[in-house]
Structure formats: C-alpha cells, structure tokens
Amino acid sequence: MDITAPVEAGLGAAVTGFDLESPTPEAEEALRRAFRGSPMLCIRGGKATPESFLRLARIFGTPQRELMGVLRDTAYSEISLIERHQGISTATGKPATFGGQWHTDDSYMAVPCAATMLYGEVVPPKGGDTSFTNMHLAYEALADEFRARIAELKAVHTYQSRRNASPVPERTPEEEARTPPVTHPLVRTHPETGRKALYINPNRIDRIADLPLAEGDALLDALIAHATKPEFVHVHAWQPDDIVIWDNRCTMHRASPHEGDHPRRLLRILIEGMVPE
Ligand code: SIN
C-alpha cells in the first residue's frame, strides 16, 4: 500500500494498493492517519462490493442510515445512490446536477455526519469532477479582526433555505418532522485534531442568528467568496472505482456537470458525527 502527500490545498492524498477484502490492522490505522492529515482522501483498491465498501467505511466510524428515502438504496439502508439530474433547479426550473452547489453534507441536521464516502461505480470519461475546499485553511487565512467578529456567531441551517437555488429532493412529512431548523456555530473545532474550521453551508444556511437579515447575508456572501477561492480548492477527477472520503467538519464540496449522456453512478455512505462545537 502506498499513500501520497496531499495534492493541493492540503487535500487529495491518494492511497493505492489498499486491500478492500482483507485489510490489515496496520493498513487500517495508516488510512485513519492519512485522513487526519488530508481531510479529502482518494482510496484506490479496485472494484468494491457494497460489503467491502461498508467494511471500508467502518474503518473511519459508524455508517449511518440515510434519512432521505428517495436516496436510499433498497438493499443497504446505509448506502445511497447519487446519479445526475436528481433534482430541478429552483433558479432555472431545469434539471440540475445533484450537489452542484458548494455545501457540506447534512448540516441541516442537529447532528450532521462527520464524513462522506463516495464510490465511483460508473464515472464519465470527462467531466463530472468533484471539487473540495479546505475550511481549515480558509479559516486560518481570515484577518484577526474578521475571526474575532465571527467567533461567537451561529447560523440557522434549514433543509430548504431561503438562500438556496439548487435542487433538494422533497421530504416526506415524517422526514420533515425529523429535520426542523437547527443552529450551528460558524467556526467549529475539529474533535480529533483541535484545529478550527469555518463551518458554512451555502445550500442550507438560512440566516445568521441574532443579526439583521441584510447584515447576515452580506457576511455569508463574503465568507462563501473567501472560502471558495482557488487556493483552498482541490478538484478530484474521477477514475472508475475511486473511493473518495471527505471530512464534512472541515471541507465543503460540489459536483460538476458533465456533457453528454454518459451515466455517472456513485454509491454514498455517510459516517456518523457529533454535535458541532
Ligand atoms: C454530493 O454532493 O454528495 C455529490 C457529490 C458528487 O456527485 O460529486
């Protein structure tokens, strides 16, 4: 097994030669260490089955049941399916790429998932990349006064936020009852490394708590523009059978569209997290 250094923006380390069927405890520990050093990691170990994908996820934590029934794979409740054009853009009324706007997964939940894994079962030969931005670096690059200004602020996250124009699947009444608006800090401390990161989600933040709407919107616009500057971003170009894992506590991501009718089929597992602090 070989593990490279992060490629850019502290992200994108690649693991090759990982034995998906019978990993050794040493290889598992090396993976966890690599993930702490590169909060977006690509693992290349050949074809995965749902079982080996789940086994790999358990190295990093506890796979959680996908809340949204529409995304849930029928045979495995912890594996969901990501395919293109799963939603309609509220901005254009046209089909849009699922996850096409910058976001961090499930921040509208009281306990958002810690990490997400995607397995590239079918990927297009060109396009359909996934981009990641390093929110530790984005936080650390803010001016001291800016950091002081946001230190105690919290944001209200909702499933369908006032500011979001990208598609989100309809919730059933039961799913809606389980996902009321929640409040999370704008800056969170990583529970494993103690490092601080910006915690924003352009898709789900509805407003900044305790700030007038216009002031909160201006602050969010500035933070989003800052956090998505090219120097914090790494773009992952998918190869078939890539398994990518990212840490939702300190990254955002977005999917790019691709031309033509080539299918793009990714399997997804979310890893349980804890209340953001
Ligand atoms: C997602 O946002 O979870 C999907 C990312 C992708 O399809 O590349």
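1. Along the principal axes, the C-alpha atoms fill a box of roughly 55 × 40 × 35 Å.

2. This is a predicted model, in which local features need pLDDT of at least 70 and side-chain atom pairs count only at pLDDT 80 or more, whereas totals for chains, interfaces and linings use all residues. Residues are numbered from 1 along each chain as its sequence is written, and side-chain values use heavy atoms, with hydrogens and water left out.

3. The ligand is surrounded by Ile82, Gly99, His103, Leu118, Thr130, His253, Ala255, Arg264, Leu266 and Arg268, a residue being counted if one of its heavy atoms lies within 4 Å of the ligand.

4. An N or O atom in the side chain of Thr130 is 2.6 Å from a ligand oxygen atom, while for Arg264 the corresponding distance to an oxygen atom of the ligand is 2.7 Å, and a polar side-chain atom of His103 lies 2.9 Å from a ligand oxygen. The protein buries 99% of the 260 Å² that the ligand exposes when taken alone, by the Shrake-Rupley method with a 1.4 Å probe.

5. As for secondary structure, strand S17 (251-255) and strand S18 (265-271) are the elements that give two or more residues to the shell around the ligand, strands being DSSP runs (E, at least two residues) numbered from the N terminus.

Methods. A polar contact is a pair of N or O atoms within 3.5 Å; within protein, one must be able to donate a hydrogen and the other to accept it, and residues adjacent in sequence count only if both atoms are side-chain atoms. Helices (H or I, at least four residues) and strands (E, at least two) are DSSP runs, numbered from the N terminus.
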